[in-house]
Amino acid sequence: MRFTSEQRLDDGVLEREFTLGEIPGTLWTPGSAGSSGAAPAPLILMAHNNGLPKAEPRLVARARYTAARGYAVASIDAAGCGDRPRSAADEQARADLRRAMQAGEPVDEIFESLVGPLVEKAVPEWRTTLDALLELPEVGGPVGYSGGWTALGIRLAAVEPRIAAAGFFAGGYVPRAQREEARQVTIPLLFLLQWDDEGNPRQRALDLFDAFGSKEKTLHANLGGHTGTPWFELEDGCRFLDRHLK
C-alpha cells in the first residue's frame, strides 16, 4: 500500500489517498490515530453504490463523520467503479439499462447481468485492501461494513469472517445470488429503507431484510425517495457500530 497524498481536515480527521496495485482508495482516520499511546481505531469499510466513485460527496460526508467518531474508514474504487476501466460488457449493460428504463421495460435481467459481475470482481479487491489496512499500526479490528452497495456487503459479510457488524442501505438492486447468500449472514445488522424509493420496490427490500440469518437485525424505515435518507440515521448508524465494534 502506497500513500499518494494526505490532508488534515478541519475536524481533525486525516484523509489519505492510496494505491494498492491497481486499486485506488481513500483512508480517513481520526485525529488521535497514530499518536503515542492511542489504541488502533476500529475499521469501517464504506462502499459506494455500483459504479459510483469513492469521491461521491455523500459517501465522503459519511466517511468524515464516522472517522470523527473514532473510526478508521476506507473506501476504494473496485474494478469497474469510479474512474477505473469498464469492460465492453459493462458498458453495454449500462446502455441497455438506460434504454429499458426510458422505455418502461422490465430491467431485472439487465441489472443481473450488470451488478452480478461487478460484485464478483469487487470482493477479492476489497479483501486484499482489508489485508493491507489491518497491517497499518493505526488501524485495528474489529471491522464493520457500511454502504449503499448492499449486494457487495452481503457477499463480503458471507465470506469475510473479520467483518463483525454491517449497516446496509436498501437502495439498489441485489442479484439473486446475494439474496440467497443473505441467509448465511449472521452478524448484527442495521438495515435502512426509504419507504418511497422509486428504484427499490418496498416489498423486495422487506423480503431481503427477512432473509438475513442474523439474530440481531434492525430495520429503520423513513419516508422519502432513494437519496432522502435523513441525516440523523448517520448518527444512529454510528451508535450501532459503537455497540458492536468498540
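Is C238 buried or exposed? C238 is buried, at 1% relative accessible area, and C81 is buried too, at 0%. Here buried means under 20% relative accessible area, exposed over 50%, and partly exposed in between, using a 1.4 Å probe and protein chains only.

This is a predicted model, where local features need pLDDT of at least 70, side-chain atom pairs count only at pLDDT 80 or more, and totals for chains, interfaces and linings use all residues. Residues are numbered from 1 along each chain as its sequence is written, and side-chain values use heavy atoms, with hydrogens and water left out.

Let us look at helix 4, residues 150-159. Helices (H or I, at least four residues) and strands (E, at least two) are DSSP runs numbered from the N terminus.

Now for the salt bridges, each a side-chain nitrogen of Lys or Arg within 4 Å of a carboxyl oxygen of Asp or Glu.

| Pair | N to O distance |
|---|---|
| E120 and R155 | 3.0 Å |
| D131 and R162 | 2.8 Å |
| R155 and E181 | 2.6 Å |

R155 lies in helix 4 and E181 in helix 5, so this pair ties together parts that are 26 residues apart in sequence. R155 is buried at 11% relative accessibility, while E120 is partly exposed at 44%. Salt bridges with shared partners also join R127, D131, E160 and R162 into one network.
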